[in-house]
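What follows is a walk through helix packing, nonpolar cores and a few individual residues. Please keep the sequence and the coordinates at hand while reading.

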Amino acid sequence: MASRAKRQWPFWEIALVVAIFAAGAWSSTLSPYYLSVDQLFSSTRAFIIPGLLALGLAVVVSFGEIDISLASTLAVGTVALSKFSAAGAPLSVAAPIVVLICGVCGVFNGVLVAKWRLPSLAVTLGTMGAFRGLAFIVGSEVGYTDFNDAYSWLGSEYLFGGVVPASLILFAVAAIAVWFLMHRTIYGRRCFSIGLNPDAAWFAGVGVIGVKIAAYALAGAFAGLAAIVWIGQYGSARGDNADGSILFVVTAVVLGGMDINGGRGTISGVALALFLLGTIRNGMGLANIGGPTQTVVLGLLLVGGVLRPAFAAALARLRRPVESADAGA
Amino acid sequence: MSNPSTPALAEAAPTRNLVQFALRLREAGVVAFLVLLGLAFGLLNDRFLSVQNLTIVASSAAILAIAACAQAVVLITRNLDVSVGSMMGLAAYLTADWAANHPGVTPVEVVVIPLAIGAALGAVNGLLVAYGKAPALIATLGTMSLYRGFTYIYAHGQEVTSSRVPRWMLTSVDARIAGVPALVLVAIAVVAAVAWFLYAYPLGRRIYAVGSNALAAWFFGLRSERVVFFAYTLCGLLCGVAGLLYAARVGTVTVVLASGWEMSSLAAAVIGGVSVSGGSGTVVGAALGALVLATIDNGLVLLHVPEFWRMFIQGAAIVAAVAVDALIAEAIRRSTGGRRR
């Protein structure tokens, strides 16, 4: 059994890497400027904000729940940052508090979902509207743009001779941390075990409620980090920040091979899916393909990603006789 | 629990009554809430309870009631459709575009085209969810962007102005029959028809059966794929109706028509007592939920409350309704001696 597990190739991750290179090759035929180091690094900025949200969402999806309020939590974060900036608070004070506020938003979802056992989709759909409404109520309809430079450092600064965006390093650190959390710690195993069978996990002594609330809090906190990056990239805080970006986030998580019913998936897959989506989006931008067509492509990818298990099952059914002959030999 | 002997069976009868009572309570609760809300707004603003204003409320609730009804049909099967707004938008745009480019268009075409388009779009959702075994949220989130994207691509950023669509299309929805707007009558007729279908026809009962206990329905021999597929197709058809009415009401059809309605329709259905965990609730409740949302909207406008409060209240209302739903389910479970996981 162990040797079988060792021989299992991460086919999906390999397919994603191939797709990234294919998308990159396609992009390089569109524009001579595509294959430059500056361009490649700065194009990653496009998916860092949804990427941070996707990392948080992946943790929530690992135990079969969902959080579609994350983009609204980001808006709460940006509006909170604008309040701190207006009050003249330094970023070192504002950032932890904003991350905490967004974490509390996540805890609110988590308590409703885990402790009160409400369906996560309906709850986060409600809080999606409620948080965004809250951001508008707090921040008023007029956007805030007078951020001082310290606030935009994380999202706009380039390090290492002005090549690597600071936010990319933040994303890389976050991705590695979440990968470690999900694949190398007890907490991660507990998340996946809840996703596979919540009853069995509960009988095995997993504190289901605590694990779930912690994951929602983490997802909220990541939305807070994304809010800080947002300020650096766009320099504006308004209640409608990141409106509609949840489609990209969910697409990345599903395309990354996370089972939306929980229990299966890898963080590396999610990170690769983000790179793939970012590359495709960048390429379509170079090819002057309009926003609507990009949305259609994104929707097709999402539908394709979600039909993947059905395809895999059909393939497995086709391959079964061969495999059993293998096992016999 | 561990001893399913005859006494347990004897208790089954009062249990069923209690469940029915709770369900009845759920809709009665919506009506009571609506009355309270109406009285509160009436006290705060004397224009609210005027016949003219109540007619406005009913007209604005009418289209949402149909959309909520569409959403409810899918919710009852324990699924979800977030492409409702996009289906409405695409059906409305294509219909308005057809009417604008074919001067001699007949009313039959104008009614049949959006219904056919809506049913086809709903059937695609149904194929993905029922036969493709895709999770409802993800599949319809995908088609939501697909359908909206198609609308944008087809339209090339153009809108169909009200001057280009036939005059009768716009005036017919504003017509009044015995003082009641035709729009409201159509909505009542549609909701009543769907409610009767779900209540009295075998296929309607199967929609409930699949949603309340998929495993039991399977053991019973129901082909749940077909039922879910049908529910999505019916949802699309109803979205076609809603899209047509919306287009006729606003006159000028833009590509963003009815965007965000997936949220409003879901809010209306959930507030009206349709459970997101399937199998319970009625389309009449969903329509009442739409009326609650329209009342809140109208009241907030009359009270000069900024528009974004609506978003907050709508979201909070969904969470509250879901929580109430869970409390009722918990009470039923406790009274029937069911074990809490």
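His304(B) sits in the loop that joins helix 13 (283-302) to helix 14 of chain B. The model is a predicted one, and in it His304(B) has a positive phi of about 60° although the residue is not a glycine. Most residues other than glycine have a negative phi. Is His304(B) buried or exposed? With 68% relative accessibility, over the 50% cut-off, His304(B) counts as exposed.

The relative accessibility of Arg117(A) is 32%, and the residue counts as partly exposed.

Two packed helices are described by the angle between their axes and the distance between the axes. On the side of helix 12 of chain B, the contact is made by Met263(B), Ser264(B), Ala267(B), Val270(B) and Ile271(B). Helix 14 of chain B contributes Arg310(B), Gln314(B), Gly315(B), Ala317(B), Ile318(B), Ala321(B) and Val322(B). By type, the residues of this contact between helix 12 and helix 14 of chain B are eight nonpolar, three polar and one charged.

Another pair in chain B is helix 4 (residues 84-101) and helix 5 (residues 107-131), packed at an angle of about 145° with their axes 9 Å apart. Here helix 4 of chain B passes helix 5 of chain B in a right-handed crossing. The residues of helix 4 of chain B that meet helix 5 are Met87(B), Leu90(B), Ala91(B), Leu94(B), Thr95(B) and Trp98(B). Their partners in helix 5 of chain B include Glu109(B), Ile113(B), Pro114(B), Gly118(B) and Asn125(B). The contact of helix 4 with helix 5 of chain B divides into 10 nonpolar residues, four polar and one charged.

In chain A, helix 2 (residues 11-30) and helix 14 come within 9 Å, axis to axis, and cross at roughly 15°. That makes helix 2 of chain A roughly parallel to helix 14 of chain A, and the crossing is left-handed. Among the residues of helix 2 of chain A in this contact are Glu13(A), Leu16(A), Ile20(A), Ala23(A), Gly24(A) and Ser27(A). Those of helix 14 of chain A include Ser268(A), Leu272(A), Phe275(A), Thr279(A) and Leu286(A). The residues of the contact are 14 nonpolar, six polar and one charged.

Neighbours within four places in sequence aside, Thr279(A) is in contact with Ile20(A), Ala23(A), Gly24(A), Ser27(A) and Tyr34(A).

Elsewhere in chain A, Gly56(A) is part of helix 4 (residues 48-62). Its relative accessible area is 1%, and Gly56(A) is buried. Apart from residues up to four places away in sequence, Gly56(A) touches Ala219(A) and Phe222(A). Gly56(A) and Met182(A) lie 126 residues apart in sequence, with a C-alpha to C-alpha distance of 11 Å. In chain B, the C-alpha atoms of Ala40(B) and Gly142(B), 102 residues apart along the chain, are separated by 41 Å. Ala40(B) is found in helix 2 (residues 12-44) of chain B and is partly exposed, at 36% relative accessible area.

Finally, the nonpolar cores. Which residues have the most contacts inside the largest nonpolar core? They are Leu52(A), Leu81(A), Tyr151(A), Val73(B), Met88(B), Leu238(B) and Val283(B), in a core of 205 residues. Helix 3 (residues 51-76) of chain B gives the most to this core, with 16 residues. Apart from this core lies another, of six residues, among them Ala75(A), Val76(A), Cys105(A) and Ala135(A). Returning to Met88(B), its contacts beyond four places in sequence include Ile63(B), Ala67(B), Cys239(B), Tyr246(B) and Trp261(B).

Technical notes:
Residues are numbered from 1 along each chain as its sequence is written. Chains are lettered from A and ligands numbered from 1 in the order in which they are written. This is a predicted model: local features need pLDDT of at least 70, side-chain atom pairs count only at pLDDT 80 or more; totals for chains, interfaces and linings use all residues. Side-chain values use heavy atoms; hydrogens and water are left out. Contact means heavy atoms within 4.5 Å. Helices (H or I, at least four residues) and strands (E, at least two) are DSSP runs, numbered from the N terminus. Ala, Val, Leu, Ile, Met, Phe, Trp, Tyr, Cys and Pro count as nonpolar, Asp, Glu, Lys and Arg as charged, and the others, Gly among them, as polar. A nonpolar core is a set of buried Ala, Val, Leu, Ile, Met, Phe, Trp, Tyr and Cys residues joined through side-chain atoms within 4.5 Å. Buried means under 20% relative accessible area, exposed over 50%, partly exposed in between (1.4 Å probe, protein chains only). Axes are lines fitted to C-alpha atoms, for helices over the stretch in contact, and angles run from 0 to 180 degrees between N-to-C directions. A crossing is left-handed if the near helix is turned anticlockwise from the far one by less than a right angle, and right-handed if clockwise. Angles under 35 degrees count as roughly parallel, over 145 as roughly antiparallel, 65 to 115 as roughly perpendicular and the rest as oblique.
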